[in-house]
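The structure comes before the dialogue.

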Amino acid sequence: MGADPTTEPYRWRWLILVVMLVAEVMDLLDASIVNVAGPSLEESLGASSVGLQWVIGGYALTLGAGLVLGGRLGDRYGRRRMFLIGLAGFTLSSLLCALSPNIELLIAFRLLQGTAGAMLLPQGLGLLRENFSGPELTKVFAIFGPVLGLGGIIGPVLGGFLSEGDFFGLGWRSVFLVNLPIGLAALVIATKFVPRKQGDRTVRVDMIGASLVVASCALLVLPLNQGQEDGWPLWTWLCMAASVIGFGLFALHQRRSAAAGREPLVTTGLLRKPAFTVGLGGIALFFGGLIGTQLVLTLFLQIGQHFSAGDAGLGNLPLAVGTAIGGAVSGAVLADKIGRMVLQIGPLIQLAGAALLWFELNGLSTDSFSIWDIAPGVVVAGIGAGMVIAALFSFILAAVDDEEIGSASGVLSAVQAIGGSIGVAIFGSVFFAQAKTGDFATGFHHALIVQACLLAAFLAITFLLPKKGRPEEEQHGITPTASEDSESSSVGSGAKQDVTK
């Protein structure tokens with residue numbers, strides 16, 4: 001439900017859109033901009049491979065673990081208030097990251113940054129729906145896609161430019177400092193022009209459920225990051241087993257809360273839909289593999305082939321170009337005509353790209369290597385990924401009732417972020433296991449094997465999804481039957497259908 005069409009539209013509503021886009025782009029940049037700063041962090045702070053994985057994946061971990069809670073806090077305390085708190089926290093934590101004297105504090109501040117992002121991002125679409133309606137709201141969401149896509153593409157490029165430029169001798173620290181002027185300007189505009197609207201203090205925030213999610217995520221990602229370094233001791237396996245139990249307890253707690261008449265974090269009806277719960281697994285598998293291989297590509301270029309940070313950032317462009325092509329073909333041509341099959345063709349094309357990349361890596365000459373030696377395989381893999389990204393959320397949401405779209409979108413976005421964090425941990429461990437011996441091509445080969453396994457599992461899952469996707473306008477909850485609760489909890493699937501999250 002958007003703004004009331006019978007009332008006079010808010011005069012400054014388009015400034016609200018600008019502020020929301022700035023916040024979303026800041027999130028996308030920070031999810032990928034650090035990838036190319038790895039060698040600089042290694043040199044400046046003495047970061048180990050595990051430390052680099054935590055700097056990159058820790059942000060996505062706390063972001064994903066807190067997204068659904070952030071939406072409920074906006075319901076209770078007001079979206080404007082939580083947006084301003086999240087934006088201020090995100091900007092401050094970016095400054096703290098830039099000032100970090102050691103890798104331990106940098107990791108801690110990245111976790112804090114992800115937490116602030118989880119408070120900030122869920123408020124955006126709710127604020128837009130409060131101030132736009134009808135055709136204008138459709139235009140708003142039409143603007144979101146290209147802008148956010150651009151944000152995902154320029155992240156590694158901008159990170160490489162800032163790190164290599166070493167402006168004012170700041171090196172990698174400028175990667176975080178770039179958020180300061182952007183965040184402060186957005187904070188001033190939001191404070192002045194985003195209208196006040198009280199939250200609903202009768203909304204109960206399920207802190208027990210939120211704590212179970214955070215603890216379960218930490219118990220899963222911690223051993224995945226540390227296991228390779230420590231030789232996979234017993235505690236790593238116990239932690240992963242405990243995380244499975246934790247997620248099970250969360251699902252049980254949500255059902256009991258609903259049965260007792262309390263408001264759960266997640267609409268319990270979603271957990272009874274096989275297509276939706278299976279779809280969560282598909283989201284985690286797909287984005288874990290996608291983000292993990294993107295990280296390995298960047299590490300291979302910088303550490304294995306001694307690319308500068310700027311060149312490594314540009315080296316991600318073939319993947320971005322392929323993803324854009326695949327998304328355009330899927331969205332404009334295939335999804336409506338062949339339905340679910342687009343989700344099955346996409347991973348097959350990705351597998352073909354991975355196979356081509358495998359043979360390209362076999363024939364590399366370290367003396368004359370250029371990005372063009374592996375660009376064909378990367379582009380083909382990107383085309384397959386783009387086909388899936390453009391359609392995946394709509395097919396999972398096709399199994400969801402209209403009044404559940406908001407909660408479902410929040411959960412899907414959270415699982416996407418957590419899946420990316422797990423992908424960083426797994427693929428980073430696989431690559432660095434070989435990189436320590438100097439065999440970088442073999443490390444990339446092993447990463448491709450892991451990706452192939454994840455894609456095969458994802459391909460099997462697609463057969464359990466609905467045959468037709470939900471129309472785009474319904475994904476954004478602008479159907480007349482969408483409830484207010486659906487609006488306020490929504491993180492927005494359209495805002496997260498990007499390769500870098």
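**Reading a helical chain**

A: Not counting residues up to four places away in sequence, Ser163 touches Ala37, Ser40, Gly171, Trp172, Ser174, Val175 and Ala309. Contact here means heavy atoms within 4.5 Å. This is a predicted model, where local features need pLDDT of at least 70 and side-chain atom pairs count only at pLDDT 80 or more, while totals for chains, interfaces and linings use all residues. Residues are numbered from 1 along each chain as its sequence is written, and side-chain values use heavy atoms, with hydrogens and water left out.

Q: Where does Ser163 lie, and is Ser163 buried or exposed?
A: Ser163 lies in helix α7, residues 134–165. Helices (H or I, at least four residues) and strands (E, at least two) are DSSP runs, numbered from the N terminus. Buried means under 20% relative accessible area, exposed over 50%, and partly exposed in between, with a 1.4 Å probe and protein chains only. Ser163 has a relative accessible area of 8%, so Ser163 is buried. From C-alpha to C-alpha, Ser163 and Ser174 are 7.0 Å apart in space, and 11 residues apart in sequence.

Q: How many helices and strands does the chain have?
A: The chain has 21 helices and zero strands. Of its 501 residues, 57% are buried. Among contacts with a separation of 6 or more, 84% are between residues 24 or more positions apart.

Q: What is Thr91 in contact with, leaving aside its neighbours within four places in sequence?
A: Thr91 is in contact with Met26, Asn179, Leu180, Gly183 and Leu184. Thr91 is found in helix α4, residues 79–99. Its relative accessibility is 7%, so Thr91 counts as buried.

Q: What describes two packed helices?
A: Two packed helices are described by the angle between their axes and the distance between the axes. Axes are lines fitted to C-alpha atoms, for helices over the stretch in contact, and angles run from 0 to 180 degrees between N-to-C directions. Here, the axes of α16 (residues 341–362) and α17 (residues 375–397) come within 7 Å and cross at roughly 160°. Angles under 35 degrees count as roughly parallel, over 145 as roughly antiparallel, 65 to 115 as roughly perpendicular and the rest as oblique. α16 and α17 are therefore roughly antiparallel to each other.

Q: Which residue classes make up the contact of α16 with α17?
A: The contact of α16 with α17 has 19 nonpolar, five polar and one charged residues. Ala, Val, Leu, Ile, Met, Phe, Trp, Tyr, Cys and Pro count as nonpolar, Asp, Glu, Lys and Arg as charged, and the others, Gly among them, as polar. Gln350 lies in helix α16. Because its relative accessibility is 2%, Gln350 counts as buried. Leaving aside neighbours within four places in sequence, the contacts of Gln350 include Phe286, Ala381 and Gln451.

Q: What describes a pair of aromatic rings?
A: A pair of aromatic rings is described by the distance of the centres and the angle of the planes. Rings of Phe, Tyr and Trp (its six-membered ring) pair if their centres lie within 6.5 Å; planes under 30 degrees apart count as stacked, over 60 as edge-to-face and the rest as tilted. The structure holds 10 aromatic pairs. One of them is the tilted pair of Trp232 and Trp237, at 5.8 Å centre to centre and 40° between the planes. Phe286 and Phe287 form an edge-to-face pair, with 5.1 Å between centres and 90° between the planes. Both Phe286 and Phe287 are buried.
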